[in-house]
There are 2 protein chains.
Amino acid sequence: MTDRNIGVANHQNAEALEYLAYDEALRHTQSEISHQLKSTPAVIRRLTSHLSRAVGKNIRARSLLTCAMRQDGQLVSDAVQIAAAVELLHLATLVHDDIIDNADKRRGLETLHKKFGEKAAVLCGDYLVCLALQLASAIKPHEDRYSLIPNTMPEYLTDVLAGELRQNQNNRNFALTERQYLKIITGKTAAMFEASFYAGFLLSDETESFKYQYLELGRNLGIIFQLADDCADYQAPQKTSKKPVLSDFKTGVVTLPLIYALKTDRSLHGRIMRGIEPLALKKAVESSGGLAYTHLKITEYFVKTKKIIMLLPSIPDKKDKLIALLEQSAGLPVGN
Amino acid sequence: MTDRNIGVANHQNAEALEYLAYDEALRHTQSEISHQLKSTPAVIRRLTSHLSRAVGKNIRARSLLTCAMRQDGQLVSDAVQIAAAVELLHLATLVHDDIIDNADKRRGLETLHKKFGEKAAVLCGDYLVCLALQLASAIKPHEDRYSLIPNTMPEYLTDVLAGELRQNQNNRNFALTERQYLKIITGKTAAMFEASFYAGFLLSDETESFKYQYLELGRNLGIIFQLADDCADYQAPQKTSKKPVLSDFKTGVVTLPLIYALKTDRSLHGRIMRGIEPLALKKAVESSGGLAYTHLKITEYFVKTKKIIMLLPSIPDKKDKLIALLEQSAGLPVGN
């Protein structure tokens, strides 16, 4: 351990700034994630390599890279490292989530704790957190505001964890209100989106006065993303869904479609307590308007968020990409 | 979330440097740890407050503060924050360790996962990692080399985790060699000591040329600490030991006293496989020389380490404190 270069990365700020186009930056980010997962120490490589086989949509990385776009359409190359860090941090939370939910599959592959045991999976999740934060901390401080980035991630990760804890404490709480639920997902899901948008903003040339717009954009996209996911859980036919249908309900997670259904259909609570059949539950949530109400909420956030994007002083390409991310979060088909 | 001060700490470098005496810095560190554990968000406060009730010996914090002592005997006040961060990071690893080992008690109190459930304990451990890294990242960059500190912690934490994974993979591996075992504990235990010594060194006024001495001191103290703990597990009568006697063996952890015993007493492996009685195992490890050999190793490290301390260009008070830490690591009674 003595001979490695401890923390030298911070001292390389003499290097020149490099710029990349968005597509190039995204490719670099995907290679960086894969490289990081495949070059861990031997003892953990089997686990992280397994994770590298299942590639996500990298919506958080793409959010960050999009926000980092400058008026000339280019991105500072440091964005690659931070975008990879955000995805690795997200991956760490998935590994621990899967232990907590005792999930069998993730992104179509066997979960880490099922394949390698719980102990190894807890440690691997911890390892990924460290790896991500190291990557984020090793950013070259080319600009003053870059120095805010390393602290951003653990700060937002605590919000994610607090949200997960809240969700855990409200397991099978059928009296959960919409307001409480929004607080949970603002942490659990939206905090990591907000972190991505904020870090991207810091790496861009947008002026300080637009900071709150970026924070709100990130938070809204995260909420929309979660609400769309909640609907899919009640809606999707099993064969097209990535995760088992009704997996939220089965693990005791109460989401907005169910919250609304419980409020409007007074008989539902009793039927759940007596052990409702999956198909009957799906029908009840549908016919009580739980799905329609959640879609309405998504639309409200969508309209509000699109307005913020349109008012940004950014180049058209950046705005188009932000709108595409917004549409994707809402579960709309990815456009032409 | 929008209204908090995201990452402002890094921008307060206009403040003047403050200095503290060692005892004062230690008191501040203990209050800071307690304050951090008691001021978490409501959803996690019951868990972290429970942890704050059981106070450890803070040997890592005291190592860091001692190493941070300057030629005038004072410490820069930033050391308090970093020392608290190191202890919180250590605490995080304990929370996850206890889940992994399914331990009932820690520092005389019920473990977190027993009291609050595994899910909450996994998330709480994650939370403490974030809290610690946030605290470490928010250090004011009064001196250039301070900027190396925030990156030091996740880097060393990955070594700790790799060591724990190695240990986990070698569970009930009765063919484990001394060399492999030393590699495990160099990560699992010694890495966090090395991190404490290194961070303390960076905060001190010791010249760069002494860096490797500090790294070696930390690593050696960690190894000594672990070997002494290994002996205690086979040696201590239940009533004086903090943890249940033979807890390592019972959880499948193979340590140096047993490794040596297995090498010299060829019948032992068979007896273990047939289900040896605890008392018989203790006797076998004792009579095969497993404990004596481990104590000899501790003494070798002790002598080597004391020599490094004596050759440091530090003030006598600092050297005395380093020797006291060394003695404590070796399990010697804390001197006058």
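**A pair of helices in chain A**

Mentor: Happy to! Helices here are DSSP runs of H or I with at least four residues, numbered from the N terminus, while strands are E runs of at least two. The model is predicted, so local features need pLDDT of at least 70 and side-chain atom pairs count only at pLDDT 80 or more, while totals for chains, interfaces and linings use all residues. Residues are numbered from 1 along each chain as its sequence is written, and chains are lettered from A and ligands numbered from 1 in the order in which they are written.

Helix α3 covers residues 59-68 of chain A, and packs with α4(A) at an angle of about 155 degrees, the axes being 8 Å apart. Therefore α3(A) is roughly antiparallel to α4(A) (angles over 145 degrees count as such). Axes are lines fitted to C-alpha atoms, for helices over the stretch in contact, and angles run from 0 to 180 degrees between N-to-C directions.

Who meets whom? From α3(A) come A:R60, A:A61, A:L64, A:L65 and A:A68, and they meet residues of α4(A) including A:I82, A:V86, A:E87 and A:H90. Contact requires C-beta atoms, placed from the backbone, within 7 Å. By class, this contact has 9 nonpolar, 1 polar and 2 charged residues (Ala, Val, Leu, Ile, Met, Phe, Trp, Tyr, Cys and Pro are nonpolar, Asp, Glu, Lys and Arg charged, the others, Gly among them, polar).

Notes. Parallel < 35°, antiparallel > 145°, perpendicular 65-115°, else oblique. Contact = placed C-beta atoms within 7 Å.
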